[in-house]
Amino acid sequence: MGKTGLESDLAYQAEILQGVSRTFALTIPQLPPPLSDAVGNAYLLCRIADTIEDEAALSAGQKREFSEGWIGVVEGSRDAQDFAAALGGLLTGSTTEAERDLVANIPRVMRITNSFSATQQQAMQRCVRIMAHGMAEFQDGAGLEGLNDLKHLDRYCYYVAGVVGEMLTELFCDYSAEIGARRDELFVLSSSYGQGLQMTNILKDIWEDRNRGACWLPRSVFLAAGFDLRSLSPGQADPGFVEGLNRLIAIAGQHLANALRYILLIPAHETGIRRFCLWSLGMAVLTLRRTYTTPAFGSGQEVKISRRAVKTVVVTTSALARFDAALKLLFVGLGRGLPRVREAA
């Protein structure tokens with residue numbers, strides 16, 4: 001018996017996830033089946049918004065126009081096929097082959113989106129709307145001098161990751177009434193969780209971002225340490241730069257501690273959801289450690305964790321997924337030696 005249209009679209013979704021994100025292709029299948037389809041689809045909606053912002057050939061005006069158009073497609077007021085053709089025709093080699101394939105198949109992605117409940121669709125629409133508007137705002141001012149200050153970094157991280165944490169929380173609460181009973185506690189921590197993961201990526205990807213003409217580090221943090229981000233060059237470990245970097249590592253670590261608090265609010269028997277969260281958290285903490293111990297790194301590859309380390313995170317956190325006390329001990333161990341945020345006097 002052949003696949004139905006939706007089954008075929010879901011098979012495509014699983015396949016393209018492998019191409020656009022190895023990490024999420026690894027973690028999303030850990031979720032229980034009804035939830036894994038929704039989270040996989042939500043990730044692709046966000047990835048398309050990201051693809052618009054990352055395409056080097058598009059002007060700031062075009063990015064804003066396509067971002068608004070994408071919001072329209074997700075909310076049902078724009079035709080998916082027309083949008084895919086218009087955007088796809090302008091993508092260049094700065095967009096990966098997998099991302100170009102994803103854009104070409106936007107109608108398939110949207111057929112899956114439209115199969116979900118109204119609550120699930122509303123969570124996805126809110127996320128894409130906030131993300132697309134926020135990224136367009138920051139792209140207008142992107143440059144090598146960095147963001148103004150920590151407040152701007154917080155806002156940027158919210159737009160690109162914190163809002164994703166909020167969407168995932170809504171999807172988890174919709175899936176389980178037991179999780180839904182803790183919605184308020186989870187929601188408070190969800191954007192911090194997203195920010196911890198995003199700050200880790202920003203620190204790891206300093207040089208890749210600079211090669212694209214962007215710097216997401218907060219200027220004020222480094223100026224306070226006597227370092228100007230405009231003088232940043234690969235392989236240097238200027239004391240002022242290291243001081244600023246370590247302060248950001250401490251803040252990211254604090255957000256990742258909130259991520260563990262978030263995970264422990266998920267009922268212990270929901271091991272699939274816990275694994276989904278724990279794997280990304282464990283990989284982030286290890287990446288933060290490598291960034292801390294290699295401050296003169298010149299590319300993300302130098303601080304990227306090994307496949308063996310990924311496997312260790314997967315095996316260890318999976319074995320301990322039901323045990324809160326053991327998870328707390330594990331992450332205390334993983335984070336030992338990292339700088340801490342200094343408490344105000």
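At 25% relative accessibility, Asp228 counts as partly exposed, a class that lies between buried (under 20% relative accessible area) and exposed (over 50%), with a 1.4 Å probe and protein chains only. Its side chain meets that of Arg230 in a salt bridge, 2.8 Å from N to O, and Arg230 is exposed, with a relative accessible area of 62%. A salt bridge here is a side-chain nitrogen of Lys or Arg within 4 Å of a carboxyl oxygen of Asp or Glu.

This is a predicted model, in which local features need pLDDT of at least 70 and side-chain atom pairs count only at pLDDT 80 or more, while totals for chains, interfaces and linings use all residues. Residues are numbered from 1 along each chain as its sequence is written, and side-chain values use heavy atoms, with hydrogens and water left out.

Side chains of opposite charge can pair when their charged atoms come close. The structure holds 13 salt bridges, and one of them joins Asp9 to Arg108, with the closest N and O atoms 2.9 Å apart. Because Asp9 lies in helix α1 (residues 5–20) and Arg108 in helix α7 (residues 106–113), this pair ties together parts that are 99 residues apart in sequence; helices are DSSP runs (H or I, at least four residues), numbered from the N terminus. Both Asp9 and Arg108 are buried, and together with Arg111 they are linked in a network of salt bridges.

Glu75 and Arg129 form another salt bridge, at 2.5 Å from N to O. This pair links distant parts of the chain, since Glu75 is in helix α4 (residues 60–75) and Arg129 in helix α8 (residues 118–140), 54 residues apart. Glu75 is partly exposed, with a relative accessible area of 37%, and Arg129 is partly exposed as well, at 32%.

The cysteines come next. A disulfide is a covalent bond between the sulfur atoms of two cysteines. Counted as pairs of cysteine sulfur atoms within 2.5 Å, disulfides number zero in the structure. Cys127 is in no disulfide, and the nearest cysteine sulfur, that of Cys46, is 3.8 Å away. For Cys215, also in no disulfide, the nearest cysteine sulfur is that of Cys157, at 12 Å. Cys127 counts as buried at 1% relative accessibility, and Cys215 counts as buried at 4%.

Definitions and conventions:
Helices (H or I, at least four residues) and strands (E, at least two) are DSSP runs, numbered from the N terminus.
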